Amino acid sequence: MNNPMDDSAVDVAIVGGGPVGAILAHVLAREGFAVMVLERETPPAQAVVGVSGFDGRAIALAEGGRRLLAGWGLWEALQAQAEPIERIHVNLRGALGAAHFNADEEGVSALGQVLDSAQMAPVLLQAARDSGVDWRAPAAYVAHEVDASGVTVRYACGDAEQRVHARLLVAADGAGSAVRTALGGEVQGRDYGQTAILARVEVEHAAARTAFERFTEEGPIALLPMGGQRYSLVWVTATDEVAARLALSDAEFLAQLGARFGMRLGRFVAVGARSIYALRTTTSEQITAPRLVILGNAAHALHPVAGQGLNLCLRDIRALLGELSQAQQEGRDIGGAEVMAAYAASRAPDYAKSYPVMDVLARGFTDAVPVPKLFKGLALAALDALPPLRKRFVRQMMGLNG
Ligand SMILES: Cc1cc2nc3c(=O)[nH]c(=O)nc-3n(C[C@H](O)[C@H](O)[C@H](O)COP(=O)(O)OP(=O)(O)OC[C@H]3O[C@@H](n4cnc5c(N)ncnc54)[C@H](O)[C@@H]3O)c2cc1C
């Protein structure tokens, strides 16, 4: 590599320009911080499945997340491509008992919104650029060093190595975070032995603005409405079944899907390209270090069972924005130990609540938990029949519990 050149200085350097890096960069720049994003991929490459959250997966954005994006001036541009979710139907294959959630009952116009992540990418990138973010891509993180005045980040642009000096470094480089790895902290992982098959499908009789989650012995099948007859499918499959399912013809795939999902929407009539995503939860024990915050999927990559991943990340962004803005106003060092500790403490209660819920939902209804189906069905029926319980659950899922 060439010698370091083009040294720059900013307030915050963010490694990773996925959904979290892009949104954080935009909100910080709006507050007057000088921000640089280092993104390994150029935008078209981000459309490759598995490379980043901008890979075309459908994202269910909960109402709480939508409100945050609206407050940050991002919702208006995203709204045009969003499909509202007004109802959610949850059931269990091979057992009675179902739970229904309804926007009217919760006093909101929608429980959530479905967004195509590939369509989100240009909107968020443009918003970040319009706010004055210095967006570098392709720019891959190499290393960082902390000193008394800040942190120096080295990154690779093609053959050249460059440096940026910042008061704070944010690792938003996804589940396999190189920054987190360089730190050497503990990471908790759980391999569910499941792989998600993602595809767009069409059904015979769509139920407008209704999302479905059907728990099966292998894992959940989720259908998110995309408008008209179209749904985004996340079919969580036992990993040793995936190769066989991918090898099926479209007609065979649709027939198998119908057999697992049932006839609630009539027949499945069309399927687009299928892609896969191995499901593994990783959570970082440590989310701060001197002059460093680990954010988004780099801090917690959760099972997509209840579509909570990005929603949790948006609450990370809200908390970090609050701490940094307050420190800046009070003339304190935004990368100082006090700010790092305050941010970590502010996120702990949300993580303590969210991680176990995702784990229970991911495993609880599969055969991995040896409870008779009858009882699992009863659990769903109880959720449906007890309005206070249902309300608490749905408000937690909407991200409206604080
Ligand atoms: C199948 C599936 C379905 C999901 N559905 C939902 C849902 O319905 N609702 C929901 O809220 N969440 C959902 N999620 C979770 C959501 O996709 C993630 O929470 C979100 O993508 C996290 O964004 P991120 O920016 O933290 O990480 P990522 O999206 O992984 O982005 C990380 C970025 O960092 C870049 N990068 C990586 N390494 C480097 C490096 N060394 N140098 C520079 N840049 C680097 C990458 O190129 C990438 O752009 C789902 C996840 C999956 C897998």
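Contact here means that heavy atoms lie within 4.5 Å, and helices (H or I, at least four residues) and strands (E, at least two) are DSSP runs numbered from the N terminus. The structure is a predicted model, in which local features need pLDDT of at least 70 and side-chain atom pairs count only at pLDDT 80 or more, while totals for chains, interfaces and linings use all residues. Residues are numbered from 1 along each chain as its sequence is written, and side-chain values use heavy atoms, with hydrogens and water left out.

The chain contains 12 helices and 20 strands, and of its 402 residues 53% are buried (under 20% relative accessible area, with a 1.4 Å probe and protein chains only).

Helix H1 (residues 19–30) and helix H9 (residues 309–329) have axes that come within 10 Å and cross at roughly 30 degrees, the axes being lines fitted to C-alpha atoms over the stretch in contact, with angles running from 0 to 180 degrees between N-to-C directions. H1 is therefore roughly parallel to H9 (angles under 35 degrees). In this contact, Pro19, Val20, Ile23, Leu24, Val27 and Leu28 of H1 meet Leu310, Cys313, Leu314, Ile317, Leu320, Leu321 and Leu324 of H9. By class, the contact of H1 with H9 has 13 nonpolar, no polar and no charged residues, where Ala, Val, Leu, Ile, Met, Phe, Trp, Tyr, Cys and Pro count as nonpolar, Asp, Glu, Lys and Arg as charged, and the others, Gly among them, as polar.

The axes of H1 and helix H5 (residues 117–130) come within 8 Å and also cross at roughly 30 degrees. Here Pro19, Ala22, Ile23 and His26 in H1 meet Leu124, Ala127 and Ala128 in H5.

Methods:
Buried < 20%, exposed > 50% of the residue type's maximum accessible area, 1.4 Å probe, protein only. Parallel < 35°, antiparallel > 145°, perpendicular 65-115°, else oblique.
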